[in-house]
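I'm jotting down what I look up as I go.

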Amino acid sequence: MTDTSHKIMVIGLDGASFNFIGPFCQTGIMPNLYRFWQKSCSGELVSSYPPVTPAAWVTFMTGKLAGKHHVLDFEQFRFTDNSLRYNSSVDIEAQSLWAIISAHNGKVGVINVPMTYPPEPVNGILIAGHNVPNPSTQYTYPTAFKADLLKCVPDYLNHAPKPHHVRSASAFENMVKEYTRTVDDYHQAVNLVDEKLDWDFLMVVFPHTDIGHRMWPYMNPESSHLYPERRDRVARIFSKLDQALGSLFHLAEDRNADVIIMSDHGHGTTQGWVRANKLLQKWGYITMDNPLRWLGKRLYRECQKVRYKDKYTRPARYIDEKLGIEWSKTKAVVCQAVMWGHLYLNVRGRQPHGIVEPGEEYDALRKDLIERFLAATDPDTEEKLFDKVIKPETVYGPSKTPWAHPDLLLVPPEGMRVNKRIRHSWVVKRTVPERAEGTHLLKGLWMAAGPQIKSNTQFEANIQDVAPTILALMGLPVPDDMDGKVLTSIFKQKPKPLFSKTSRTESETRDTAVYSIEEEKQIEQQLADLGYID
Ligand SMILES: [Zn+2]
């Protein structure tokens, strides 16, 4: 017998924000979403720090900040050997919303949410989303459900098709067809789950709204008129998505469910890139390796790759090989940079070849770096290169795991992206705005409507607020260690505050490698296709 009192449907629109969804609604391309928006409570949804897909969806699904779940990006930096490894669901050090609902005997259907591979057991059905390396992997729970899914949707893809923006008109048209087909595929997957399951919680994420990385010139209201043919083709993807949304709204109505629409971050124009490691090199904190020795390391690594046959014991992806730095003479380096820069000091005792003493020297170096980055300007325009330099513990809260985060987060101005490469000449590069790709904005969107929800209340919420609000709407207790707040002002009848002690010991150290070398390459290719990495 389930403890839940109400059904909830959550529709994720990856990367959606009002700056482009608004015009699609207002110009008749998304009429169903427009009607829903007008009757709903809605507002901007502040993403995770940094506003990247894995961190944001994990912050949503746990209701917790990164200080508790420890997923900051597609990759994680490993102090033990100064390497990078792709994150997966086993790296999430906090309980998921669907695990909590399952524990209360609620039936869940979870479809295509990023960072859910490998699929965790739930009381219902889970189809993993982006971070599934390839379609031959076991990406559903229960395992047997995959056969049902493939019977219904033979070419099911766990991630958005590859977007192209510079290819021929026919290649572009084929891409649009593939996108519209996958809207149908996900829609069919939802119907299949609905057919098999008397769900209490049903969620699907559409990655189609995240095509802004490559497609931004054609969907940006400020530049799309320059490309009328491609603008109209891209609009067809959104129109198709709107048809699916209309059908899902009907399904929710039939099941008497409340509906929440949300995104993980927004999209805007890429203004340019800043190479933070070039600055660190200029200030004397990075020393480059001897070019011949660097080449030797890379060749040795290629040979090692051939030698390692076992899926999980293989050479790691080392930062010094990637960037060509010499660790024993480097004090600080940006090891990850998708949107913001994740800066790590080279701390003695924490990392091999560490040269920065923990304590006084560590504190003084962080202080110095904060001052330097905040003072750094573009030599051509004299604009500031960084808006903020964040000490992670001040935004994530204290972490139970020591050294769980970067030592500093470098936040560029909106539209600028941090890039970690060093072996190139430029430090700052600006884009031509009308041709520029899209990039993530901190603010996405949320809308909520249904039997228990008031209409026409607008306010800004945080992505970690969504999970506790869902639990409260379902009549379930909210674990007291969730960082998000229940958005009580959207309820027609204010819920009685129900809290529970967290049910699981968290911050377990997990060190299981999930991906093989081949699978890591597949993930890397998917991210490059989407425009996350170069
Ligand atoms: Zn995203």
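Before anything else, a note on labels: when I write helix or strand, I mean a DSSP run, with helices of at least four residues and strands of at least two, numbered from the N terminus. I also keep in mind that this is a predicted model.

Entry 1: I started with Asn-131, which sits in the loop between E6 and strand E7 (140–141). Its phi is positive, about 115°, although Asn-131 is not a glycine. Is Asn-131 buried or exposed? I counted 27 C-beta neighbours inside 10 Å, and the cut-off for buried is 20 or more, so Asn-131 counts as buried.

**Entry 2: another positive phi.** His-353 is also not a glycine, and its phi is near 65°. I found His-353 in the loop between strand E14 (341–345) and helix H13 (360–375). With 13 other C-beta atoms within 10 Å, His-353 comes out as partly exposed.

**Entry 3: cis peptide bonds.** Next I checked omega. The bond from Tyr-49 to Pro-50 is cis, with omega near -5°. Pro-50 lies in the loop between strand E2 (41–46) and helix H3 (53–62). Tyr-117 and Pro-118 are joined by a cis peptide bond too, with omega about -5°. Pro-118 belongs to the loop that runs between strand E5 (108–113) and strand E6 (124–128).

**Entry 4: stepping back.** Along the principal axes, the C-alpha trace spans about 65 × 55 × 45 Å. Of the 534 residues, 49% count as buried. I also looked at contacts between residues at least 6 apart in sequence: 71% of them join residues at least 24 apart.

**Entry 5: two domains.** How is the chain divided? I have domain 1 as 7–270 + 436–530 and domain 2 as 272–288 + 325–430. Their C-alpha centres lie 30 Å apart. Where they meet, 24 residues of domain 1 are in contact with 27 residues of domain 2. On the domain 1 side, the elements giving two or more residues are helix H4 (66–69), strand E3 (75–78), strand E10 (266–269) and strand E19 (438–441). E19 has the largest share, three residues. By class, I get twelve nonpolar, nine polar and three charged residues on that side of domain 1.

**Entry 6: H7 against H9.** The axes of helix H7 (residues 169–196) and H9 come within 9 Å and cross at roughly 5°. H7 and H9 are therefore roughly parallel to each other. Among the residues making the contact are Phe-172, Val-176 and Tyr-179 of H7 and Ile-237, Leu-241 and Leu-248 of H9. The class count for this contact is ten nonpolar, three polar and six charged residues.

**Entry 7: H8 against H9.** What angle do helix H8 (residues 212–219) and helix H9 (residues 228–254) make? Their axes cross at roughly 120° and come within 8 Å. That makes H8 oblique to H9. Met-215, Tyr-218 and Met-219 of H8 meet Arg-230, Arg-231 and Val-234 of H9. I sorted the residues of this contact into four nonpolar, no polar and two charged. H8 is mostly covered, with seven of its eight residues buried, including Trp-216 and Pro-217.

Notes. Residues are numbered from 1 along each chain as its sequence is written. This is a predicted model: local features need pLDDT of at least 70, side-chain atom pairs count only at pLDDT 80 or more; totals for chains, interfaces and linings use all residues. Domain bounds come from an automatic or database domain assignment. Two residues are in contact if their C-beta atoms, placed from the backbone, lie within 7 Å. Ala, Val, Leu, Ile, Met, Phe, Trp, Tyr, Cys and Pro count as nonpolar, Asp, Glu, Lys and Arg as charged, and the others, Gly among them, as polar. Axes are lines fitted to C-alpha atoms, for helices over the stretch in contact, and angles run from 0 to 180 degrees between N-to-C directions. Angles under 35 degrees count as roughly parallel, over 145 as roughly antiparallel, 65 to 115 as roughly perpendicular and the rest as oblique. A residue is buried if 20 or more other C-beta atoms lie within 10 Å of its own, exposed if 12 or fewer, and partly exposed in between; C-beta atoms are placed from the backbone.
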